[in-house]
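Please look at the sequence and the model together before reading on. The explanation is meant to be followed with the structure open, moving from one region to the next.

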Amino acid sequence: MILNETYPLANGQPIPKLGLGTWFIDDGAAAQAVRDAIALGYRNIDTAQAYGNERGVGEGVRSSGVPRGELYVSSKLAAEIKDYSTAVTAIDGSLTATGLDYLDLMLIHSPQPWSDWRGGTYAEGNREAWRALEEAQTAGKLRSIGVSNFQQPDLENILAVCTVAPQVNQILLHVGNTPGDLLAYCAGQGILIEAYSPIAHGVMLKNPDVTAMAERYGVTVPQLCIRYALQLGTVPLPKTANPEHMRSNAQVDFVISDADMEALRRLTVSDYGRYGSFPVFSGK
């Protein structure tokens, strides 16, 4: 069962192959969502400072009844943090908010602040934030460290000066948006890809080609999309607070054929509807 499977990170730490995303889950609802997911067998929980629900996620982890060492909890430095001292304070802030002694993974949420998505140069600021993550890992506050939404030049900027290379790059990846060059580059550097919004924030539910393929496999569209991300060797992070959806999302014990994988890889999504206003879906 996929919930029992892990990948090894470059530093030797295992990471569960399927996680629960918590973007858009209110802080007041996050604890129950996390408890429900853990009760179903999920062991990988992803949050972020920007989500505003670290407190609830931490409460769910602490009250789940499952030993902390069996759970994998990730968070992210706010995208606006581009200096060392603020990053140090923010790392401690996430630990305080979650009520946890350590995080299994912490990422720089974006190479640019959201207000300047894919805009200016923040190379030195990212290096300073990365230094804070490295030191927190050495201190035992973080087990692994990485980045999110980083393109190859952003990664090269960190790799040129780092003591510890990023172990993870969490990116927008789904049927209709498969950045092959970035996947290949990260694989060559030993950087594992996590895939957020693996169902394209719901857009795939309305795609007739994907629906028809899912029907051929006797699965749901979300199951097909999650399986696609898994077969690419990534960690999909589908977001839901619905226990039935959590259960269904983990029922992906089937194999997409090579031909169908290629067909899914060729699809493109250019319109995310009302979610297109978010920087990660803007296409900028």
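The model is a predicted one, in which local features need pLDDT of at least 70 and side-chain atom pairs count only at pLDDT 80 or more, while totals for chains, interfaces and linings use all residues. Residues are numbered from 1 along each chain as its sequence is written, and side-chain values use heavy atoms, with hydrogens and water left out.

In soluble globular proteins, nonpolar side chains tend to be buried together. Buried is used for a relative accessible area under 20%, exposed for one over 50%, and partly exposed for values in between, with a 1.4 Å probe and protein chains only. When residues up to four places away in sequence are not counted, Leu133 touches Leu77, Ile91, Met106, Leu107, Ile108, Leu142, Ile145 and Gly146, where contact stands for heavy atoms within 4.5 Å.

Two further regions show how buried residues are surrounded. In helix 2 (residues 54–62), the buried residues are Glu54, Gly56, Val57, Gly58, Gly60 and Val61, and the elements against which the buried residues of this helix pack are helix 1 (27–39), strand 4 (44–46), strand 5 (72–77) and helix 3 (84–98). Strand 5 is also the place of Ser74, a residue that counts as buried because its relative accessibility is 0%. Apart from its neighbours within four places in sequence, Ser74 is in contact with Asn44, Ile45, Asp46, Thr47 and Leu105.

Charged side chains come next. With a salt bridge taken as a side-chain nitrogen of Lys or Arg within 4 Å of a carboxyl oxygen of Asp or Glu, the count comes to 13 salt bridges. One of the arrangements is a network of salt bridges that links Asp27, Arg35, Arg55 and Glu59. In helix 4 (residues 123–138), Glu128 and Arg131 lie three residues apart, about one turn of the helix, and form a salt bridge whose closest N and O atoms are 2.8 Å apart. Arg131 also meets the side chain of Glu135 in a salt bridge (3.8 Å, N to O), and these two residues of helix 4 are four residues apart, again about one turn. Glu128 is partly exposed at a relative accessible area of 22%, as is Arg131 at 32%, and Glu135 counts as partly exposed at 38%. In helix 10 (residues 258–266), Arg265 and Glu262 are three residues apart, and are therefore separated by about one helical turn; the closest N and O atoms of their salt bridge are 3.8 Å apart.

The aromatic rings complete the picture. A pair of aromatic rings is described by the distance of the centres and the angle of the planes. Rings of Phe, Tyr and Trp (its six-membered ring) pair if their centres lie within 6.5 Å, planes under 30 degrees apart counting as stacked, over 60 as edge-to-face and the rest as tilted, and by this rule there are nine aromatic pairs. Trp23 and Phe278 form an edge-to-face pair, 5.4 Å centre to centre with 80° between the planes. Trp23 lies in the loop between strand 3 (20–21) and helix 1, and Phe278 in the segment after helix 10, so the pair ties together parts that are 255 residues apart in sequence. The rings of Tyr275 and Phe278 have their centres 6.5 Å apart and their planes at 25°, so this pair is stacked. Of these two residues, Tyr275 counts as buried at 19% relative accessibility, whereas Phe278 is partly exposed at 28%. Ring pairs link Trp23, Phe24, Tyr272, Tyr275, Phe278 and Phe281 into a cluster.
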